[in-house]
Structures are given as C-alpha cells and as structure tokens.
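Here is a short note to read beside the model. Please keep the structure in view as you go through the points.

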Amino acid sequence: MELLFLVLAIAVIFIFFFRKDIKEKINPDKTKNYTIDDKYNAAKREREKEIDQLLSKIGENGIADLSEKDRKRLEELSKK
C-alpha cells in the first residue's frame, strides 16, 4: 500500500513539473509555428469567405437589397 502511494506521489510530481509538455502533446497550439505566409493566407481566406457571403446575398436578392454597411464592406474588400 505504501508503495502505491509512493508511485502515485512520484507520478503527481512528474505530471506537475512536465504539465506544459504534456498539454502540448495532447492539445498542440496550431498557431505556434505559423509563418508570415500562413498568416497572410489565412487572412486572405477569411476575406474571400466574407466576399462570397456578400456576393451570395446579392445573388439571392439583388444589389439593391444590400445595406449601406454591406456595400461599404464589399467595396473595402474588393480593393484589397
């Protein structure tokens, strides 16, 4: 019984000191190794998604149905 407590105590101490390494192995940070190109491409995909949403809104109801805010945002995104 004492041996079990000793092993358990050692395991708890081990987990405490190596908790960051253990956490990184279980749930890795996906943005940790992002390069400038990766960040640029991710931002570009987000802009494309937003443009696609606005264009689908235009396709469904016509350009007259866009709000002033949507029109300004579409103009901003088209300039980038």
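1. F17 is exposed, at 63% relative accessible area. Here exposed means over 50%, buried under 20%, and partly exposed in between, with a 1.4 Å probe and protein chains only. F17 belongs to helix 1; helices are DSSP runs of H or I with at least four residues, numbered from the N terminus.

2. A word on the basis. This is a predicted model, where local features need pLDDT of at least 70 and side-chain atom pairs count only at pLDDT 80 or more, while totals for chains, interfaces and linings use all residues. Residues are numbered from 1 along each chain as its sequence is written, and side-chain values use heavy atoms, without hydrogens and water.

3. How many aromatic pairs does the structure hold? There are two. Rings of Phe, Tyr and Trp (its six-membered ring) pair if their centres lie within 6.5 Å; planes under 30 degrees apart are stacked, over 60 edge-to-face, the rest tilted. F14 and F18 have ring centres 4.8 Å apart and planes at 45°, so this pair is tilted. F14 is partly exposed at 48%, and F18 is partly exposed at 38%.

4. F17 also pairs with F16. Their centres are 5.4 Å apart and their planes stand at 75°, so the pair is edge-to-face. F16 is partly exposed, with 49% relative accessibility.

5. R19 lies over its face, 4.5 Å from the ring centre. The cut-offs for a charge over a ring are NZ of Lys or CZ of Arg within 6 Å of the centre and within 35 degrees of the ring normal.

Definitions and conventions. Helices (H or I, at least four residues) and strands (E, at least two) are DSSP runs, numbered from the N terminus.
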